[in-house]
Amino acid sequence: MLYLNTSDIEKIGKNWKETIDVIEHAVHALQKEDYAQPIKPYLRYHDMSNRIIAMPAFVGGDTYMAGIKWIASFPKNLQEGIQRAHSITILNEARTGKPVATINTALVSGIRTASVSGLLLKHYEQVRPLQNVTVGIIGFGPIGRLHLQMVTALLGEKITKVVLYDIAGIQQEYIPAEIKEKTVIAQTWEEAYCEADVFITCTVSPHGFIDKQPKRHSLLLNVSLRDFTPKILDYTRSIIVDDWIEVCRENTDIEIMHLERGLQKEDTKSITDIVCLDQMKDFPQDEPIMFNPMGMAIFDIAIAGYYYKQALSQGIGTHLQD
């Protein structure tokens, strides 16, 4: 079995075009029903704000790998100087079930998250080409930092301004050098939100607070899923989810919109509708588009499989014996 940790993944590096392509291939496997993915259970005990999530999946196509991600999210860790998320992924050879890799780092999970956002951004730009872009990000922990790296790589010189906001402050050493001169540190979330062409939530908020009108034509990447109030439906009905059954639970913004405003599955489009059926163009041109990803295990296995193959080809990692 190959063992990979954070430093191993950092040695391999991040090629956002490649990881976004990996996610796109996994979406096509999803569309072709060449996958298996049980609903992920949440383990909670004592403090109900904490959760440990089991995410098993098989992905066919180019990935052809099975496995499970086991990820703990303990928001109050941040108050103790401990990272919020801890993640381990085990990969199994699809044909035999033999375990072939253990990836012990939350970094590969974060790269998956930002790559899914990157895929939606890619398809958004095919329908609504971007120029002179203002990017707004609220929450600048590990997920926010990876999203800034991703949008910087994808949009490059098209970005004119980045506005960052975090209730705990911004650690500026994590801002990529190539975008630093274009970056503004906001004092309120509204500064990062109201004029953003691409707006990304990466917070650990337990409930929604964003109740203002977004910029017209904008892309709202609701990564942290608990930042918007149902009032967003007054401004747009152009809603995308990765998987309705997964996302309409666990007190997400989608579940609150469903309970309080009657949002139904048929009122939304799925990631396969957008990527495989080109339905991004069906949304009204004057409306913001909002993507709400619960996080799908097939994407974790696909990205883990990518890093496993990269590690083998580059001779990175530690081989463990029985």
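Q: How far apart are the end C-alpha atoms of α9, and what span should its 18 residues give?
A: At 1.5 Å a residue, the 18 residues of α9 should span 26 Å, and the end C-alpha atoms are 26 Å apart, so the two agree. The expected span is 1.5 Å times one less than the number of residues. Helices here are DSSP runs (H or I, at least four residues; strands are E, at least two), numbered from the N terminus.

Q: What kind of model is this, and how are residues numbered?
A: This is a predicted model, where local features need pLDDT of at least 70, side-chain atom pairs count only at pLDDT 80 or more, and totals for chains, interfaces and linings use all residues. Residues are numbered from 1 along each chain as its sequence is written, and side-chain values use heavy atoms, with hydrogens and water left out.

Q: How many residues of α9 are buried?
A: Buried means under 20% relative accessible area, exposed over 50%, partly exposed in between (1.4 Å probe, protein chains only). In α9, 13 of the 18 residues are buried, so the rest of the structure largely encloses this helix. Just after α9, G315 takes a positive phi of about 70 degrees.

Q: How do α2 and α9 pack?
A: Two packed helices are described by the angle between their axes and the distance between the axes. Helix α2 (residues 16–31) meets helix α9 (residues 297–314) at about 130 degrees, with axes 9 Å apart. That makes α2 oblique to α9. Oblique is what remains after under 35 degrees (roughly parallel), over 145 (roughly antiparallel) and 65 to 115 (roughly perpendicular). Axes are lines fitted to C-alpha atoms, for helices over the stretch in contact, and angles run from 0 to 180 degrees between N-to-C directions.

Q: Which residues make that contact?
A: Contact means heavy atoms within 4.5 Å. From α2 come, among them, V22, I23 and A26; from α9, residues including F299, A302 and Y306. The contact residues divide into 11 nonpolar, two polar and one charged.

Q: At what angle do α3 and α4 cross?
A: Helix α3 (residues 107–127) and helix α4 (residues 142–155) cross at roughly 40 degrees, their axes coming within 9 Å. That makes α3 oblique to α4. Among the contact residues are G110, A114 and L121 of α3, and H147 and M150 of α4.

Q: Is N77 buried or exposed?
A: N77 is buried, with a relative accessible area of 14%. N77 is found in the loop between β5 (65–73) and β6 (85–93). Leaving aside neighbours within four places in sequence, N77 is in contact with I82, Q83, R84 and H86.

Terms used. Nonpolar A, V, L, I, M, F, W, Y, C, P; charged D, E, K, R; others polar.
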